[in-house]
Amino acid sequence: MSSLFIRTLQAHQWLYEHSGGLIGHRLLMGNPTLLLRTVGAKTGQPRCSALTYARDGDAYLVVASNRGSPRPPGWLANVKAQPDCEIQVGRTKLQVTARPTYPEDADYARDSPSSTR
């Protein structure tokens, strides 16, 4: 079952990327999805990850959950090493500067998409 889920996510990302964002923004269960384009921290190669997001004003919030794994996703190391990256929301591409938020940060409870508002 998990390999089917992973293949579905990979197909979703492929469609999102190759349709120029025409398909994919709200494909899976209606969740809004963005493409995060980074540079690999170790390889220096371009990387792309499809991530669900929430909005806080003009900010886009993503969670580095790695599907519940205790190990963080690779894109987190990439944005820590090079915070200037690109996101694509639908067909719109934006240059952004990523900023991790940690539990000890003042904005953590407010920025966490799972927090109660």
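Which residue of strand 6 does Cys-85 stand opposite? Cys-85 stands opposite Val-96. The rest of this report places that pair in its surroundings.

**Basis**

This is a predicted model, in which local features need pLDDT of at least 70, side-chain atom pairs count only at pLDDT 80 or more, and totals for chains, interfaces and linings use all residues. Residues are numbered from 1 along each chain as its sequence is written, and side-chain values use heavy atoms, with hydrogens and water left out.

**Overall build**

The protein has three helices and six strands. Helices (H or I, at least four residues) and strands (E, at least two) are DSSP runs, numbered from the N terminus. Their order from the N terminus is α-β-β-β-β-α-β-β-α. The radius of gyration is 14 Å, close to the 13 Å that the globule rule gives for 117 residues, so the protein is as compact as a globular protein of that length. That radius is taken over C-alpha atoms, and the rule is 2.2 Å times the number of residues to the power 0.38.

The C-alpha atoms fill a box of roughly 40 × 35 × 30 Å along the principal axes. The accessible surface comes to about 7900 Å², and carbon and sulfur atoms hold 55% of it. Accessible areas come from the Shrake-Rupley method with a 1.4 Å probe; for residues, only the protein chains shown count as cover. Buried residues make up 26% of the 117 residues. Buried means under 20% relative accessible area, exposed over 50%, and partly exposed in between (1.4 Å probe, protein chains only). Of the contacts with a separation of 6 or more, 40% join residues 24 or more positions apart. Contact means heavy atoms within 4.5 Å.

Four strands form an open sheet in the order 2-1-5-6, with antiparallel pairing. Strand 2 (46–52) and strand 6 (92–97) are the edge strands, and each pairs on one side only. Neighbouring strands are turned by 25° against each other on average, direction ignored. Axes are lines fitted to C-alpha atoms, for helices over the stretch in contact, and angles run from 0 to 180 degrees between N-to-C directions. Two strands pair if DSSP finds at least two bridges between them.

| Strand pair | Sense | Bridges |
|---|---|---|
| Strand 1 and strand 2 | antiparallel | seven bridges |
| Strand 1 and strand 5 | antiparallel | four bridges |
| Strand 5 and strand 6 | antiparallel | six bridges |

Thr-33 stands opposite Thr-52 in strand 2. Leu-36 has Ile-87 of strand 5 as its bridge partner.

Two helices meet the sheet. Helix 1 (residues 2–18) lies across strand 1, strand 2 and strand 5, at about 80° to strand 1. Helix 2 (residues 74–81) packs on the sheet and touches strand 1, strand 2 and strand 5; its direction makes about 55° with that of strand 1.

**The core**

Where do the buried side chains gather? In strand 1, five of the seven residues are buried, so this strand is largely enclosed by the rest of the structure. Strand 5 is mostly covered, with five of its six residues buried. The largest nonpolar core has 10 residues: Leu-34, Leu-36, Leu-51, Tyr-53, Trp-75, Leu-76, Val-79, Cys-85, Ile-87 and Val-89. Strand 1, helix 2 and strand 5 each give two or more residues to this core. Such a core is a set of buried Ala, Val, Leu, Ile, Met, Phe, Trp, Tyr and Cys residues joined through side-chain atoms within 4.5 Å. In soluble globular proteins, nonpolar side chains tend to be buried together.

Leu-36 belongs to this core.

**Loops and turns**

Ala-98 sits in the loop between strand 6 and helix 3 (108–111). At 23% relative accessibility, Ala-98 is partly exposed. Beyond its neighbours within four places, Ala-98 contacts Val-79, Pro-83 and Cys-85. The C-alpha atoms of Ala-98 and Cys-85 are separated by 7.1 Å, at 13 residues apart along the chain.

Two hairpins carry a glycine with positive phi. In the hairpin of strand 5 and strand 6, with two residues between the strands, Gly-90 takes a positive phi near 65°. In the hairpin of strand 1 and strand 2, with six residues between the strands, Gly-44 takes a positive phi near 75°. Gly-44 is partly exposed, with a relative accessible area of 45%. The C-alpha atoms of Gly-44 and Gln-82, 38 residues apart along the chain, are separated by 10.0 Å.
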